[in-house]
Every structure is written in C-alpha cells, then in structure tokens.
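Here is a short briefing for a reader meeting this structure for the first time. Keep the sequence and the 3D view open while reading.

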Amino acid sequence: MSKTILGIYDLTEARFLSGASLTLIDGPLELGWRHSGLTSDFIADAMALPFSASKTLHADIHHSIGYLSNELIENAVKFRQPGKIMIEACVIAGVFIMRVSNDIDIETSQRFQDILTKILAADPSELLIGQIEANAASDATGSGLGLLTLLADYDARMSWEFEPLGGDRIKLTTTASLTLPLASNG
C-alpha cells in the first residue's frame, strides 16, 4: 500500500518554521475530549495574540482558530490508535496553518478516505445542509458536521495524507489552513 493524499496537495508541503509544536501523549490521564478543548484554546490564545490591538478582530480570529483546532484535535483523539498526537500551528502572512498527525487503523483509514472522496467531489455547503437535516430527522449527532462546517462556513483548505506504517497502522496527517479576517480599520 502506498501513500495517499486527498484534498489540497500543496498543504502537505507546508513548513512550520515558527509557531507552536505540541505533542499529546497517552499516560495515566488518558487522552480524552477535555484535552481537545484545552489544547485548541491554548493554540487559539497563542496564535490570536498578535491581533489583540482590535478586540473585534482578535475575537474573530480566536474563534476561527479555536474552532478549526478543536475539530482537528477532537478527531485525532476520537479515531486514533494508541500513541502520540503531533500538532503544529503557525500564522504566516495572514493565514493560519495547522497540521495534526496521529496513527489510525486500516479500517478507519478506508472509511475516512471513502467519506473524504464523497465530500471532495461535492459542494460542502449542500452536504452540510443535507447532514444537518439527516441528523435532525434521526436524532443523530456528529456525522462529519465539524469537517463540513470547516469547509462550507470557514472556507478551510484541507489535505489528508495516509501513510502506511506496517501492520494495521496508518499515519494520518491532516493539514488545514484558514485565511484570517484581517481588518485594516482595527
């Protein structure tokens, strides 16, 4: 099995020369949902800090970065195999870029690639509306709403790299970018 890349290929080439680099490691506290929120809040606080001269701009940027960060980290925690979750984040020329790497199993990898292929071949806004309606009709929750919201409402650019590691493990690297709302009038 060879490496598979879906989405915006150029994002896989992004280099993080400055910013934040974090590693979440399993331990006695066990990685869980609370780590997603705490880590994404930290990233949003750190990355939005240079924009604090304008309270409105800072709040908008903090929210956008926090939402994207939380979605990526939450999915890494939820679908991972035991091991590390590597997180990198930076702001370059008004664009927030984040990369999250973790191991998943082959079955999860295939299901996710099938979902991504469908999402990338359609209009994310239409898929989001359809998924919201489907969830409302069945009282379901989740079902990719976060990913669809990032693509449809936040205009996130995303790539997913699936790299076989041997055995049942696949290294999944998700890279996303958001153009930040840089207001000139603060």
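Start with Ile8, a residue that is partly exposed, with a relative accessible area of 30%. Ile8 sits in the loop that joins β1 to β2. The model is a predicted one. The points below go from this residue to the sheet, the core and an aromatic cluster.

**Around Ile8**

- Which residues does Ile8 touch, leaving aside its neighbours within four places in sequence? Ile8 is in contact with Arg157, Met158 and Ser159.
- Ile8 and Ala176 are 168 residues apart along the chain, and 9.0 Å separates their C-alpha atoms.
- Gly7 has Ser159 in β5 as its bridge partner.
- Met158 has Ala176 in β6 as its bridge partner.

**Overall make-up**

- The protein has five helices and six strands.
- In what order do the elements of the protein run from the N terminus on? The order is β-β-α-α-β-β-α-α-α-β-β.
- The protein has 186 residues, and 42% of them are buried.
- Take the contacts in the protein with a separation of 6 or more: 70% of them join residues 24 or more positions apart.

**The sheet**

- The six strands form an open sheet in the order β1-β5-β6-β4-β3-β2, and the pairing is antiparallel.
- Why is one side of β1 and of β2 left without a neighbour in the sheet? Both strands stand at the edges, and each has a single partner strand, so one side of each has no neighbour there. Strand β2 covers residues 20–24.
- From one strand to the next, the twist averages 15°.
- Strand β1 (residues 4–7) pairs with strand β5 (residues 157–166) over four bridges, in the antiparallel sense.
- β5 also pairs with strand β6 (residues 169–179), again in the antiparallel sense, over nine bridges.
- One of the bridges to β6 links Pro164 with Ile170.
- How many residues lie between β5 and β6 in their hairpin? There are two, and Gly167 in the turn has a positive phi of about 65°.
- As a general rule, strands of a sheet pair through backbone hydrogen bonds, either parallel or antiparallel.

**The nonpolar core**

- The largest nonpolar core has 41 residues. Which of them have the most contacts inside it? They are Ile43, Leu68, Phe96, Met98 and Met158.
- Helix α2 (residues 55–79) gives this core its largest share, eight residues.
- Now look at Met98, setting aside its neighbours within four places in sequence. Met98 is in contact with Phe16, Ile43, Leu68, Ser69, Leu72 and Ile73, among others. The list of contacts of Met98 also includes Ile87, Glu88, Ala89, Thr174, Thr175 and Ala176.

**The aromatic cluster**

- The protein has three aromatic pairs.
- Phe112 and Trp160 form an edge-to-face pair, with 6.4 Å centre to centre and 90° between the planes. Phe112 lies in helix α3 (residues 106–120) and Trp160 in strand β5, so this pair ties together parts that are 48 residues apart in sequence.
- Is Trp160 buried or exposed? Trp160 is buried, with a relative accessible area of 2%. Phe112 is partly exposed, and its relative accessible area is 21%.
- Phe112 also pairs edge-to-face with Phe162, at 6.1 Å centre to centre and 65° between the planes. Phe162 lies in strand β5 and Phe112 in helix α3, so the pair ties together parts that are 50 residues apart in sequence.
- Phe162 is buried, with a relative accessible area of 2%.
- Phe112, Trp160 and Phe162 make up one aromatic cluster.

Definitions and conventions
Residues numbered from 1 in each chain as written. Predicted model: local features only at pLDDT ≥ 70, side-chain atom pairs only at ≥ 80, totals over all residues. Heavy atoms only, no water. Pairing = 2+ DSSP bridges. Buried < 20%, exposed > 50% of the residue type's maximum accessible area, 1.4 Å probe, protein only. Contact = heavy atoms within 4.5 Å. Core = buried A, V, L, I, M, F, W, Y, C linked by side-chain atoms within 4.5 Å. Axes fitted to C-alpha atoms, helices over the stretch in contact; angles between N-to-C directions. Phe/Tyr/Trp six-rings, centres within 6.5 Å; stacked < 30°, edge-to-face > 60°.
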